[in-house]
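Subject: Structure handover

Hello,

Here is the structure for you to look through. Please open it first, then read my notes below.

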Amino acid sequence: MKSLADTLHNPFISFYETAFLKRIQREKIEFIGISVSGCFQLISAVTLAKLIKEECPSVKHVSLGGNYITRLADDCMKEWHPFFEYIDSIMMYDGEEPLARLLEALDSGDDNLDCVPNLCHAKGGKIYKNHRIEQTFINDTVPDFDGFALSKYFMPELILRSRRKCWCKGDALASI
């Protein structure tokens, strides 16, 4: 938590301030999802979430997800955690259906997130972990990115990958 404001040792602060925040502000983005698949991404992810909460008033909800953050939330977050100063929820386990349900709830103005499966969230200083669902199907078709504003992609080079499991394992990788 100390590293989140340490401009001397945390290189992500200046990078995010110059590369991301102005764009988020300009485009008035309302929802940010950050995937944390390994421990090496945690400081970067929470730094970004902190800066978004401080500098981007249009963002109504910041959610973390991914393999590592799921394990962290599942194993360690039994009580309120300081991460919840900067994030609104953690999407645990399979996220395809829960993400859609979270966005529907937010879009409808419903701030009661208890009905969103696989979601860990804080309310009144307490941690709530909603009921878990497992994905009942494996969709191994290559997604259609038509209609996506790919020019708004945050990376200098466009790389689209779609898969449910670890992208390092190489099986059934769909890269476009």
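Leu 103 sits in helix H5, which spans residues 96-107. Leu 103 counts as partly exposed, because its relative accessibility is 37%, between the limits of 20% and 50%.

Please keep in mind that this is a predicted model.

Now the overall layout. The chain has five helices and seven strands. Along the sequence they run α-α-β-α-β-α-β-α-β-β-β-β. The chain has 176 residues, and 35% of them count as buried. Its accessible surface is about 11200 Å². Carbon and sulfur atoms hold 54% of that surface. I also looked at contacts in the chain with a separation of 6 or more: residues 24 or more positions apart account for 60% of them.

Next, the aromatic rings. How many aromatic pairs does a search of the whole structure find? It finds four. One of them is Phe 12 with Tyr 16: the ring centres are 6.0 Å apart and the planes are at 20 degrees, so this pair is stacked. Both residues lie in helix H1 (residues 11-19). They are four residues apart, about one turn of the helix. Are they buried or exposed? Phe 12 is partly exposed, at 29% relative accessible area. Tyr 16 has a relative accessible area of 8%, so Tyr 16 is buried.

Phe 15 and Phe 20 form an edge-to-face pair. Their centres are 5.6 Å apart, with 75 degrees between the planes. Phe 15 is partly exposed, with a relative accessible area of 44%. Phe 20 counts as buried, at 10% relative accessibility. Ring pairs link Phe 12, Phe 15, Tyr 16 and Phe 20 into a cluster.

Then there is His 121. This residue lies in strand S4, residues 119-123. Why does His 121 count as buried? Its relative accessible area is 3%, and buried means under 20%. The side chain of His 121 makes a polar contact of 3.3 Å with the side chain of Asp 114. Leaving out residues up to four places away in sequence, His 121 touches Phe 84, Asp 88, Ser 89, Leu 113, Asp 114, Lys 126, Ile 127, Tyr 128 and Asn 130. Asp 114 is therefore on both lists, as a polar partner and as a contact.

Last, two backbone points to check on screen. Lys 28 is not a glycine, yet its phi is positive, near 50 degrees. Lys 28 is in the loop between helix H2 (21-27) and strand S1 (31-35). Lys 28 counts as exposed, because its relative accessibility is 58%.

Tyr 93 is the other one. Its phi is also positive, about 60 degrees, and Tyr 93 is not a glycine either. Where does Tyr 93 lie? Tyr 93 is in the loop between strand S3 (89-91) and H5. With a relative accessible area of 27%, Tyr 93 is partly exposed.

Best wishes

Definitions and conventions: Residues are numbered from 1 along each chain as its sequence is written. This is a predicted model: local features need pLDDT of at least 70, side-chain atom pairs count only at pLDDT 80 or more; totals for chains, interfaces and linings use all residues. Side-chain values use heavy atoms; hydrogens and water are left out. Buried means under 20% relative accessible area, exposed over 50%, partly exposed in between (1.4 Å probe, protein chains only). Contact means heavy atoms within 4.5 Å. Accessible areas come from the Shrake-Rupley method with a 1.4 Å probe; for residues, only the protein chains shown count as cover. A polar contact is a pair of N or O atoms within 3.5 Å; within protein, one must be able to donate a hydrogen and the other to accept it, and residues adjacent in sequence count only if both atoms are side-chain atoms. Rings of Phe, Tyr and Trp (its six-membered ring) pair if their centres lie within 6.5 Å; planes under 30 degrees apart count as stacked, over 60 as edge-to-face and the rest as tilted.
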